[in-house]
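Subject: Structure handover

Hello,

My notes on what was found follow below it.

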Amino acid sequence: QELAAGSTASDCCSIYLLNDKQTELVMRGPPCGVEPSLSERFWRVPMARSTSGDVLQALKPRAMRVDAMPAESRTVLDAAGLHHVALVLLVANGHIEGLLSLGRMSDLRYDAVDLEAAQFLAGQVALQIENARLHADTQLRLSQLSLLFEVTRIGSEEREVAPLVDRVLAEVLKSVPVDLALVHFVTGDKLTLAGGQVSPFGGKGALDAFAARPLDDTSMVGRAALNRRTFASSVDELSGTAQRTAQAHGIRYLIATPLVAHGRLLGTLEVARCSKQPFSEQDEKLLESCATHLANAVERARLYDDLKRSYQALAHTQAELVKHERLAALGELAAVMAHEVRNPLGVIFNSIGSLRKLLQPTGDAGMLFDIVNEEAERLNRIIGDLLDFARPYQVRRIPVALDRVIAGAVEAASRVEAAPQVEISTEVPGAFPPLLVDEALLRQALVNLVVNAIQAMPRGGKLKVSASAERHGERQVARIDVSDQGVGISAQNTERIFQPFFTTKVSGTGLGLAVVKRIVDAHDGEVDVKSSLGLGTTFTIRIPAAP
């Protein structure tokens, strides 16, 4: 611009280029030799109102006196001290690139020699502009192809939807001059944010501001999804909350394009720009291509997720089938053992009782009788535990007062495992609503837990059974805690204590806690344990609180 002004004896110079749609002339860079107010006034010149419109049609340079121009332009140029203006087309290889505007503050008009020199200079400038534009277009196309290649590559590498979306948006932000890139997925009647990337100019909190959008015509993203076509807009064309939100984060232009795979709407891809440069048609086409690649990649990732879940469900079903088959075999074995072992046990108990009456043993003989009787009782308990674990549970739910179940379980456990040195307390809220449970099964589970807690405190301690209501996830549940001050359970054993036949006790069968787990599972509940060696253990049962 300075060279053009100097070679034509002009006081000011500015270069205008046609926009992509050739609807207006846009000043490129600050002009030389004029005040900022003048450049702001003529920064954009719509072709419909341009004084150079006839010049573009005539393809000839033109010189004008300021006082002969329309009043609107004359007033502004006169205030800047200009008296003569020359307009010369920038033409390269037969294509109009824009306009070279020259101005003089003196009363020396532009003659034919000046216009010829300006036209020659404009031709050189136009060639340089065209070369720069061709280079920029080449770089842009290379960047576009690289983006589409990267999106395809990422889609072939990623099998999870979330990292796939994040990586693609990062590539979009790197390859396209945008400050915000978002992906929303359709969930019911709204669009939920699935991923987003923000440039340093995008503003903090932008992702939170665009977290959810309604799936309707009230938002540009909603219209893009419903109509399944791309929408581009400036922030001035928005209204209401959408406009205020965009302005709060410095956004000037937005594009939203749908994500459609195999005819099915998945969501939207949205980008925003904070600079003054609006989106071009090339930008729109690039984002549409990117959205198509992304939608297909997301669809493949979702199919992979569905297949993975199906395999997991199949594995779980197979595990349950094997478990049920093992339980069925164990049930048959338990039934045979109960028949084959309990009959001899009955004979042993009767014989010991008769011999005690006949012999009335004392001393060592009495001690041996006691040992035989205790071991027979232990064998009988083992058979009972095996039968309890192996038999199928048919839950008969009835409204039950939880305080009554806990009191009954504590009393029964105290009879099974007498321990005067253990202080047992219960805590149940007075207004606790009845539970729909199988009273006998729940009492049995609590008896097993209380007996274990008593056995864990051979030197005595405090044992507490408490109940409370809480929300666990999305469910309202009744929570029952059985806490002791016993020896505790190691971390490696905590993961195995609910497995059948696993025990750390010398005389244990390893079936008590397995029975507890089966009973709780039969009630659609959960049981877990927290323990510290030397400090005690807390077993927690959660059972859904049915209405």
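Start with Thr230, which counts as buried because its relative accessibility is 11%. Buried means under 20% relative accessible area, exposed means over 50%, and partly exposed lies in between (1.4 Å probe, protein chains only).

Two ground rules before the rest. This is a predicted model: local features need pLDDT of at least 70, side-chain atom pairs count only at pLDDT 80 or more, and totals for chains, interfaces and linings use all residues. Residues are numbered from 1 along each chain as its sequence is written, and side-chain values use heavy atoms, with hydrogens and water left out.

**Thr230**
Thr230 sits in the loop between α8 (220-227) and β10 (231-234). Helices (H or I, at least four residues) and strands (E, at least two) are DSSP runs, numbered from the N terminus. The Thr230 side chain makes a polar contact with the side chain of Thr257, at 2.9 Å. Another polar contact, of 2.6 Å, links the Thr230 side chain to that of Glu288. (A polar contact is a pair of N or O atoms within 3.5 Å; within protein, one must be able to donate a hydrogen and the other to accept it, and residues adjacent in sequence count only if both atoms are side-chain atoms.) Contact in general means heavy atoms within 4.5 Å. Leaving aside neighbours within four places in sequence, Thr230 also has Ile255, Ala256, Pro258 and Glu284 among its contacts.

**Leu435**
Leu435 lies in strand β15 (residues 435-437). Leu435 is buried, at 4% relative accessibility. Not counting residues up to four places away in sequence, Leu435 touches Ile398, Pro399, Val400, Leu402, Ala478 and Ala545. Its C-alpha is 76 Å from that of Val26, 409 residues apart along the chain.

For Cys12, the nearest cysteine sulfur is that of Cys32, 7.1 Å away. Cys12 is buried, at 6% relative accessibility.

**Helix pair**
The axes of α13 (residues 439-455) and α15 (residues 512-522) come within 9 Å and cross at roughly 145 degrees. Axes are lines fitted to C-alpha atoms, for helices over the stretch in contact, and angles run from 0 to 180 degrees between N-to-C directions. Residues making this contact include Leu441 and Asn452 of α13 and Gly512 and Ile519 of α15.

Best wishes

Note on methods. Disulfide = S-S within 2.5 Å.
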